[in-house]
Amino acid sequence: LCQAGDEVIYPDPGFPAYSTTIEYVGAKPIPLPLQEETGFRFDAQKLRELVNEKTKVVILCSPNNPTGGVLQKEDLEVV
């Protein structure tokens, strides 16, 4: 899915192997901050800001490991 120079957006905090696996394949890990005050759901505007022509993958995990955050229908509609 990814090659050198591609970007992969991943939830942060999230599963620790995301960033190292992304780097292993030569892609650039781009953290998508998750905030406790929002139930560890991503901010739609922040996701829009991070996505660009180099983005090849967006990792979404629900429930999130390790936060337990669960995405809502409106979160998925943004994607």
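How many of the residues of β1 are buried? In β1, 5 of the 6 residues are buried, so the strand is mostly covered; buried means under 20% relative accessible area, exposed over 50%, and partly exposed in between (1.4 Å probe, protein chains only).

## Ground rules

This is a predicted model, and local features need pLDDT of at least 70, side-chain atom pairs count only at pLDDT 80 or more, while totals for chains, interfaces and linings use all residues. Residues are numbered from 1 along each chain as its sequence is written, and side-chain values use heavy atoms, with hydrogens and water left out.

## The sheet

Let's start with the strands. Strands here, like helices, are DSSP runs numbered from the N terminus (E and at least two residues for strands, H or I and at least four for helices). Two strands pair if DSSP finds at least two bridges between them. As a bit of background, strands of a sheet pair through backbone hydrogen bonds, either parallel or antiparallel.

Now zoom in on one pairing. Strand β1 (residues 7-12) runs parallel to β2, and 6 bridges join the two. Within this pairing, E7 stands opposite K28 in β2, and I9 has I30 of β2 as its bridge partner.

A search of the whole structure turns up 2 salt bridges; the term means a side-chain nitrogen of Lys or Arg within 4 Å of a carboxyl oxygen of Asp or Glu. One is between the side chains of E74 and R41, at 3.3 Å from N to O. This pair links distant parts of the chain, with E74 in helix α3 (residues 73-78) and R41 in the loop between β2 (28-33) and α2 (44-50), 33 residues apart.

R41 also forms a salt bridge with D75, at 2.8 Å from N to O. Because D75 lies in helix α3 and R41 in the loop between β2 and α2, this pair ties together parts that are 34 residues apart in sequence. Put together, R41, E74 and D75 are linked in a network of salt bridges.

How covered are these side chains? D75 is buried, with a relative accessible area of 6%. E74 counts as partly exposed at 45% relative accessibility, and R41 is partly exposed at 24%.

## The cavity

Searching the whole structure gives 1 cavity of 30 Å³ or more. A cavity here is a set of points, on a 1 Å grid over the protein atoms alone, where a 1.4 Å probe fits but cannot get out, and lining residues have an atom within 4 Å of a point. The largest cavity holds about 70 Å³ of space, where grid points are joined across faces, edges and corners, and a volume is the space filled by probe spheres set on the points.

Its lining includes P11, L32, F40, C61 and N64. By class, the lining of the largest cavity has 8 nonpolar, 2 polar and no charged residues (Ala, Val, Leu, Ile, Met, Phe, Trp, Tyr, Cys and Pro count as nonpolar, Asp, Glu, Lys and Arg as charged, and the others, Gly among them, as polar).

Most residues other than glycine have a negative phi, and most peptide bonds are trans. F40 has a phi near 60°, a positive value in a residue other than glycine. F40 lies in the loop between β2 and α2 and counts as partly exposed, at 22% relative accessibility.

The peptide bond from S62 to P63 is cis, with omega near 0°, and P63 is in the loop between β3 and α3. Another cis peptide bond joins N65 and P66, where omega is about 20°; P66 is placed in the loop between β3 and α3.

Finally, V51 is in the loop between α2 and β3 and is partly exposed, with a relative accessible area of 41%. From C-alpha to C-alpha, V51 and C61 are 17 Å apart in space, and 10 residues apart in sequence.

Note on methods
On a 1 Å grid over the protein atoms alone, a cavity is a set of points where a 1.4 Å probe fits but cannot get out, and a pocket is an open set with protein on both sides within 12 Å along at least five of seven lines; lining residues have an atom within 4 Å of a point.
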